[in-house]
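Open the model in your viewer and keep the sequence panel beside it. The stops below say what to select and what is there.

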Amino acid sequence: MGVQAKLAIQSMRGKQDADNFQELFTAYYPFVVRQIVRIVKDQQTAEDLAQEVFLTFYRTDRTVIEHIPAWLSKASIYAAYNYLRSEKRRNAREEQVEAERTHTAPSSEETWLEQDEIGQVRDVLSALDERERTLLVMKYSGFPYTELARATGVEVGSVGKLLSRAKLKFRSIYKQMRGEAE
């Protein structure tokens with residue numbers, strides 16, 4: 001048999017398959033929707049899932065399916081349960097996000113304590129000289145030593161020692177302000 005004859009037969013089969021699919025869709029669509037509605041309890045969702053079932057059915061080689069109603073029934077049940085599982089996971093994620101959002105909101109006492117601590121740190125920083133303050137603020141803002149050296153006008157090799165001294169001085173003043181013994 002020639003190549004053109006095989007292609008002609010395949011195109012006729014393709015047209016027959018499309019016609020056959022249309023007939024199967026018309027005949028079994030209500031059945032598939034009913035199967036899904038029993039599980040998901042929502043008509044619109046059931047119709048959407050039925051569309052997905054028939055898309056899968058269309059892409060499947062129907063010559064290997066022994067009993068089409070049974071295959072559609074099984075596919076419908078799987079689609080419905082997959083939908084329910086995904087909805088359950090989605091709802092759990094949303095609840096977790098909501099719980100984290102409400103759980104992470106600080107109390108007014110925590111907010112006040114944080115603001116008080118920020119004020120104390122600002123007071124300590126203002127007690128330091130300009131170079132020490134600049135070194136500490138820039139270091140804890142993520143700047144590299146080269147930038148610290150350029151901003152303070154010192155050699156890059158001196159930044160580490162100056163930064164260490166500034167930290168010690170900061171710690172000492174902070175403890176004095178809080179009334180802690182050294």
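**Charged pairs along the helices**

Select Glu87 and Arg90: their side chains meet in a salt bridge, 2.6 Å from N to O. A salt bridge here is a side-chain nitrogen of Lys or Arg within 4 Å of a carboxyl oxygen of Asp or Glu. This is a predicted model, in which local features need pLDDT of at least 70 and side-chain atom pairs count only at pLDDT 80 or more, while totals for chains, interfaces and linings use all residues. Residues are numbered from 1 along each chain as its sequence is written, and side-chain values use heavy atoms, with hydrogens and water left out.

Glu87 and Arg90 are three residues apart in helix α3, so about one helical turn separates them. Helices (H or I, at least four residues) and strands (E, at least two) are DSSP runs, numbered from the N terminus. Glu87 is partly exposed at 23% relative accessible area, and Arg90 is partly exposed at 31%. For these labels, buried means under 20% relative accessible area, exposed means over 50%, and partly exposed lies in between (1.4 Å probe, protein chains only).

Next, select Glu130 and Arg133. Their closest N and O atoms are 2.9 Å apart, in a salt bridge. Both residues lie in helix α5 (residues 130-139), three residues apart, about one turn of the helix. Arg133 is partly exposed, with a relative accessible area of 24%.

Then go to helix α6 (residues 145-152), where Glu147 and Arg150 lie three residues apart, about one turn of the helix. The side chains of Glu147 and Arg150 form a salt bridge of 3.0 Å, N to O. Glu147 is partly exposed at 28% relative accessibility, whereas Arg150 is exposed at 61%. The structure holds five salt bridges.

**The whole chain**

Zoom out and colour by secondary structure. The protein has seven helices and zero strands. Buried residues make up 24% of its 182 residues. The accessible surface comes to about 13300 Å², and 53% of it belongs to carbon and sulfur atoms; these areas come from the Shrake-Rupley method with a 1.4 Å probe, and for residues only the protein chains shown count as cover. Among contacts with a separation of 6 or more, 52% are between residues 24 or more positions apart, where contact means heavy atoms within 4.5 Å.

**A loop residue**

Select Lys41, in the loop between α1 (3-40) and α2 (43-59). Lys41 has a positive phi of about 60° although it is not a glycine. Lys41 is exposed, at 66% relative accessible area.

Now centre on Val53. Not counting residues up to four places away in sequence, Val53 touches Val32, Ile36, Trp71, Leu72, Ala75, Ser76 and Ala79.

**Aromatic rings**

The structure holds 10 aromatic pairs. Rings of Phe, Tyr and Trp (its six-membered ring) pair if their centres lie within 6.5 Å; planes under 30 degrees apart count as stacked, over 60 as edge-to-face and the rest as tilted. Select Phe21 and Tyr58, an edge-to-face pair at 4.9 Å centre to centre, with 70° between the planes. Phe21 lies in helix α1 and Tyr58 in helix α2, so the pair ties together parts 37 residues apart in sequence. Phe21 is buried at 13% relative accessible area, while Tyr58 is partly exposed at 46%.

Move on to Tyr29 and Phe54, a tilted pair at 6.2 Å centre to centre, with 40° between the planes. Tyr29 lies in helix α1 and Phe54 in helix α2, so this pair ties together parts 25 residues apart in sequence. Both Tyr29 and Phe54 are buried. To finish, select Phe21, Phe25, Tyr29, Phe54, Phe57, Tyr58 and Trp71, which form one aromatic cluster.
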